[in-house]
Amino acid sequence: MQKEALKRYDLFASMEDAQIDDMLAGMRVVPLDAGAFLFRQSDPAQRFFVLETGVIKLFRLSPDGDEKVIEVIKAGESFAEAVMFMEANRYPVNAQALEESRVLAFENRRFYHWVKTDSALALRLLGSLSRRMHALVKEIDELTLHNAGYRLVNYLLNEAGEDSDGDITLSAPKQVVASRLAIKPETLSRIMARLRGEGLIEVEGNHIRLIDREALRRWLEAA
């Protein structure tokens, strides 16, 4: 990988060439088949990651074996960087590829060294972690204060964005989306069927088209 390519990723954008060279010296490229694990919960955490291609789900298992999806990582996003500052220094979740993926793995010790010596890099890292924290707080609010219908419609509107034509290709299987939203798969299917029956969405496999966003927003208010 070239230095310019690495600088396209947010965490590395402010790094000097010598710092980038050092990170590249310890970088590993990890190809993953669909279903393969990058790491498992409680494994020693020596690296953080940037997803170059593919999709990764981060999840935990309950004592009963139920899976709770914490986050779905898409291409271009970093993850597990906060672990280098945790006292336990172990991954708190499992990371599994949902499709064939390519992951860039970086050594925590190298990045931690540069964070301690470069205030601009430290601020960029804090900004990245702060955005993720606020997103998780917002998600907790939605999961605890709103019903399943609200959570699903809100998710679809967010995935579509304001400037798109309303077409969504889910980056994860529907059962993973259901777990991410704390909804049972059968409940998700029932809400999808209701939205489709009301003419608000069209569904074909993992492809969803939002037909009437204003009606969906009104649906949110009533959910």
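Helix α2 passes helix α3 in a right-handed crossing, where right-handed means that the near helix is turned clockwise from the far one by less than a right angle, and left-handed that it is turned anticlockwise. This is a predicted model, in which local features need pLDDT of at least 70 and side-chain atom pairs count only at pLDDT 80 or more, while totals for chains, interfaces and linings use all residues. Residues are numbered from 1 along each chain as its sequence is written, and side-chain values use heavy atoms, with hydrogens and water left out. Helices (H or I, at least four residues) and strands (E, at least two) are DSSP runs, numbered from the N terminus.

**Helix α2 against helix α3**

- The axes of α2 (residues 17-25) and α3 (residues 108-117) come within 9 Å and cross at roughly 160 degrees, the axes being lines fitted to C-alpha atoms, for helices over the stretch in contact, with angles running from 0 to 180 degrees between N-to-C directions.
- That angle makes α2 roughly antiparallel to α3, a term for angles over 145 degrees, whereas those under 35 count as roughly parallel, 65 to 115 as roughly perpendicular and the rest as oblique.
- Gln-19, Asp-22, Met-23 and Ala-25 of α2 meet Arg-110, Phe-111 and Trp-114 of α3, contact meaning heavy atoms within 4.5 Å.
- By class, this contact of α2 with α3 has four nonpolar, one polar and two charged residues; Ala, Val, Leu, Ile, Met, Phe, Trp, Tyr, Cys and Pro count as nonpolar, Asp, Glu, Lys and Arg as charged, and the others, Gly among them, as polar.

- Four strands form an open sheet in the order β1-β8-β3-β6, with antiparallel pairing, where two strands pair if DSSP finds at least two bridges between them.
- Its edge strands, each pairing on one side only, are β1 (28-32) and β6 (78-79).
- Strand β3 (residues 47-53) is joined to β6 by two bridges, the two running antiparallel, and Phe-49 stands opposite Phe-79 in β6.
- Helix α3 lies across β3 and β8 (101-107), running at about 55 degrees to β8.
- Strands β4 (residues 55-61) and β5 (residues 67-74) run antiparallel and are joined by seven bridges, with Lys-74 in β5 as the bridge partner of Val-55.
- The hairpin of β4 and β5 has five residues between the strands, and in this hairpin Gly-65 takes a positive phi near 90 degrees.

**The three-stranded sheet**

- A further open sheet, of three strands, has the order β9-β11-β10 with antiparallel pairing, and its edge strands are β9 (167-169) and β10 (201-204).
- Strand β10 pairs with β11 (residues 207-210) in the antiparallel sense over four bridges, and the partner of Ile-201 in β11 is Leu-210.
- Helix α7 (residues 185-197) packs on this sheet, touching β10 and β11, and its direction makes about 125 degrees with that of β10.

**Helix α5 against helix α8**

- Helices α5 (residues 148-160) and α8 (residues 213-222) pack at an angle of about 145 degrees with their axes 9 Å apart, and their crossing is left-handed.
- By class, the contact of α5 with α8 has seven nonpolar, two polar and two charged residues.

**Salt bridges**

- The whole structure holds 13 salt bridges, each defined as a side-chain nitrogen of Lys or Arg within 4 Å of a carboxyl oxygen of Asp or Glu.
- Lys-7 forms a salt bridge with Asp-17, the closest N and O atoms being 3.0 Å apart.
- Lys-7 lies in the loop between α1 (3-6) and α2, and Asp-17 in helix α2, so the pair ties together parts that are ten residues apart in sequence.
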